[in-house]
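Biologist: I would like to learn how to read a model such as this one, feature by feature. Could we look at it together, with the general idea stated before each case?

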Amino acid sequence: MTNTFKITLRISLAILLGLSLVVPQAYANHSWGKYHWDLSTADTMANPLNLGDNLTNGWSTNLSTASVDWNVSVLKNEVVPGASNANCDPTLGEVEVCNAEYGSNNWLGIAQVWTYRRGGHIAQAVVQLNDTYFDTPTYNTTPWRNLVMCQEVGHTFGLGHQDENFSNTNLGTCMDYTSDPTGLAGSNGTLNNEHPNQHDYDQLVSIYAHLNETSGGSNGKGGKGKPSTTPNITSSAQSEWGQAIAQDAQGRDSVFVRNENGFEVTTHVLWTMEYEGHDEHND
Ligand SMILES: [Zn+2]
Ligand SMILES: [Zn+2]
């Protein structure tokens with residue numbers, strides 16, 4: 001009897017221990033998971049990931065805020081003068097950040113990430129912010145600009161969303177959809193969604209942890225090897241994003257993938273709150 005009891009107790013303890021190990025893992029599931037830069041923390045401390053500032057219309061302030069916020073994480077970044085142009089062409093090994101009046105296409109911001117089809121490491125990325133909406137009263141606020149800038153930069157590091165419902169309680173991270181980025185309107189609880197939270201930082205630790213164990217073969221920025229051809233320009237047109245592979249909580253296609261010259265190009269889209277997911281007109 002005593003032995004049976006001891007064994008039962010041991011098994012119960014083992015199960016409890018197992019659960020305590022499994023639960024944090026299950027919780028930490030918000031990375032996009034398919035790609036990351038082939039850079040260790042040490043690499044980025046010596047040579048931070050460049051965020052190219054191609055911005056006008058006051059956006060540089062929001063990029064500076066996002067840069068400081070994300071530098072709390074293991075992946076260090078630095079804002080540098082942009083090397084891009086009106087098309088927001090990518091630069092190998094860097095993130096180019098652009099804004100323009102991209103038109104009434106229903107998106108506030110997109111992040112496009114080129115990964116090597118061999119190895120899956122990120123080669124380059126661009127962020128585009130749509131002033132067609134950010135010049136309107138609803139979105140032309142520092143909190144909305146901070147939220148979208150922070151979220152799109154987060155996607156270029158390999159992070160996904162923590163939540164995609166605009167009307168539930170804020171989680172206190174820019175990787176959470178909200179109709180009130182400040183948390184002050186009373187509609188979405190009290191937490192502020194303009195910056196990353198600890199969960200985002202933890203997620204980046206788990207995404208980049210293995211890189212300290214890789215040996216050789218890497219040129220640091222841009223991962224292994226070089227592209228055989230110069231990548232094509234990016235495109236702000238939905239028709240060129242490729243196939244939809246994920247939907248947000250509103251059922252709107254939110255992640256697209258296309259193949260291009262040895263790269264897989266992933267496009268993350270943040271639609272406006274008002275968009276219902278279908279085009280009213282073809283243009
Ligand atoms: Zn890797
Ligand atoms: Zn997003």
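Biologist: Let me begin with a detail of geometry: is the disulfide of C88 and C98 right-handed or left-handed?

Modeller: The general idea is to look at the torsion about the S-S bond, and here, in what is a predicted model, that torsion is about 85 degrees for C88 and C98, so the disulfide is right-handed. C88 lies in the loop between strand 2 (77-81) and strand 3 (95-100), while C98 lies in strand 3, so the pair ties together parts that are ten residues apart in sequence. The sulfur atoms of C88 and C98 are 2.0 Å from each other, and C88 and C98 are both buried.

Biologist: How many disulfides does a search of the whole structure find?

Modeller: The search finds two, and the other bond to discuss joins C150 to C174, with an S to S distance of 2.0 Å. The torsion about the S-S bond of C150 and C174 is about -50 degrees, so this disulfide is left-handed. C150 sits in helix 5 and C174 in the loop between helix 5 and helix 6 (198-208), so that distant parts of the chain, 24 residues apart, are linked by the pair. Both C150 and C174 are buried. When the bonded cysteines are counted along the chain, the disulfides follow the pattern 1-2, 3-4.

Biologist: Why do Q151 and H155 count as buried?

Modeller: The cut-off for buried is under 20% relative accessible area. Q151 has a relative accessibility of 1% and therefore counts as buried, and H155 counts as buried because its relative accessibility is also 1%.

Biologist: Helix 5 has come up several times, so how many of its residues are buried?

Modeller: Helix 5 is mostly covered, with 14 of its 15 residues buried. To read the helix as a whole, one can compare its reach with the expected span: from first C-alpha to last, helix 5 covers 21 Å, close to the 21 Å expected at 1.5 Å a residue. At the start of helix 5, a side-chain oxygen of T141 comes to within 3.1 Å of the backbone nitrogen of W144, and just after the helix G158 takes a positive phi of about 110 degrees.

Biologist: Where is G93 placed?

Modeller: G93 is in the loop between strand 2 and strand 3, and its relative accessible area of 3% is why it counts as buried. The C-alpha atoms of G93 and W37 are separated by 8.7 Å, although the two residues are 56 residues apart along the chain.

Biologist: What is the average pLDDT of the protein?

Modeller: The average is 84, and 78% of the residues score at least 70. Over residues 13-29, however, the pLDDT is below 50, and this stretch has five contacts in the model beyond near neighbours in sequence. Over residues 212-229 the pLDDT also stays under 50, and there the model has 34 contacts beyond four places in sequence.

Methods
Residues numbered from 1 in each chain as written. Chains lettered and ligands numbered in written order. Predicted model: local features only at pLDDT ≥ 70, side-chain atom pairs only at ≥ 80, totals over all residues. Heavy atoms only, no water. pLDDT = per-residue confidence, 0-100. Contact = heavy atoms within 4.5 Å. Buried < 20%, exposed > 50% of the residue type's maximum accessible area, 1.4 Å probe, protein only. Disulfide = S-S within 2.5 Å. Helix = DSSP H or I, 4+ residues; strand = E, 2+ residues; numbered from the N terminus. Expected span 1.5 Å × (residues − 1). Polar contact = N/O pair within 3.5 Å; in protein donor to acceptor, adjacent residues only side chain to side chain.
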